[in-house]
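Subject: Structure handover, salt bridges

Hello,

Here is the structure for your files. My notes on its salt bridges follow below it.

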Amino acid sequence: MTAETSQTLDRGLKVLKLLAETDHGLTVTELSARLGVNRTVVYRLLATLELHALIRRDLGGRARIGLGVLGLGRQVHPLVREAALPALRSLAEDIGATAHLTLVDGSDALAVAVVEPTWTDFHVAYRTGFRHALDQGAAGRAILASRTPAGRTIPTCTLTRDELDAGACGAAAPLLGVTGLEGSVGVVMLPDSVPERVAQRVVDAAREVADALRGGGSCSELRGGGALR
């Protein structure tokens, strides 16, 4: 900690991050151990966060993320979209296909950013706000693949045909290493114009977007092939 930072705020944010990483909540004792502070400090942090509806406590005393974070999250999609646009533009122009960033929204896949190529005579139309089931289409299937042990460490490209739009192909790779965010980067293409290098190019674009969302840190540790499925 430096003189310009707040230790209490830092601890409160750490509490929120810890709770965001678990589905079953954490007890005061568990939070105390993970933060390295006594239980009294944790009680005060939880009481303050609960006052602002950022956390809630169930009957068993386990703390969980509260509905108040939804209000803070309303601007998340625009921020994510802004960070992803440079890589999406490059992907769309390079491949000559419509590029998109898709995030998990409940049980659906939701397109939050779409970029169409500027130089093609024909390309598949896609729109921001389009949603579909996670088990349909390349974008959703890539996200599901990232939930497997292997998929969490080695990014690969998922390829589908005629699943969401008849006569169209989809290719997508998951975002890896972005805490609290599940998503994928992909392209929608005409089946007779699929470049041979699309798989690796989509994987590279997903890495670029993940890197941007992490704040520009190196993503060289995310190595893997682009095997088509």
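Asp-94 is partly exposed, at a relative accessible area of 30%, whereas Arg-201 is buried at 11%. Buried here is under 20% relative accessible area, exposed is over 50%, and partly exposed is in between (1.4 Å probe, protein chains only). The two residues form a salt bridge with the closest N and O atoms 2.7 Å apart. That pair links distant parts of the chain, 107 residues apart: Asp-94 is in helix 5 (residues 76–95) and Arg-201 in helix 7 (residues 198–213).

This is a predicted model, in which local features need pLDDT of at least 70 and side-chain atom pairs count only at pLDDT 80 or more, while totals for chains, interfaces and linings use all residues. Residues are numbered from 1 along each chain as its sequence is written, and side-chain values use heavy atoms, with hydrogens and water left out.

A salt bridge means a side-chain nitrogen of Lys or Arg within 4 Å of a carboxyl oxygen of Asp or Glu. The whole structure has 11 of them.

Another joins Arg-131 to Asp-108, at 3.2 Å from N to O. Arg-131 sits in strand 5 (residues 131–133) and Asp-108 in strand 4 (residues 108–115), so the bridge ties together parts 23 residues apart in sequence. Helices (H or I, at least four residues) and strands (E, at least two) are DSSP runs, numbered from the N terminus. Both residues are partly exposed, Arg-131 at 37% and Asp-108 at 22%.

Regards
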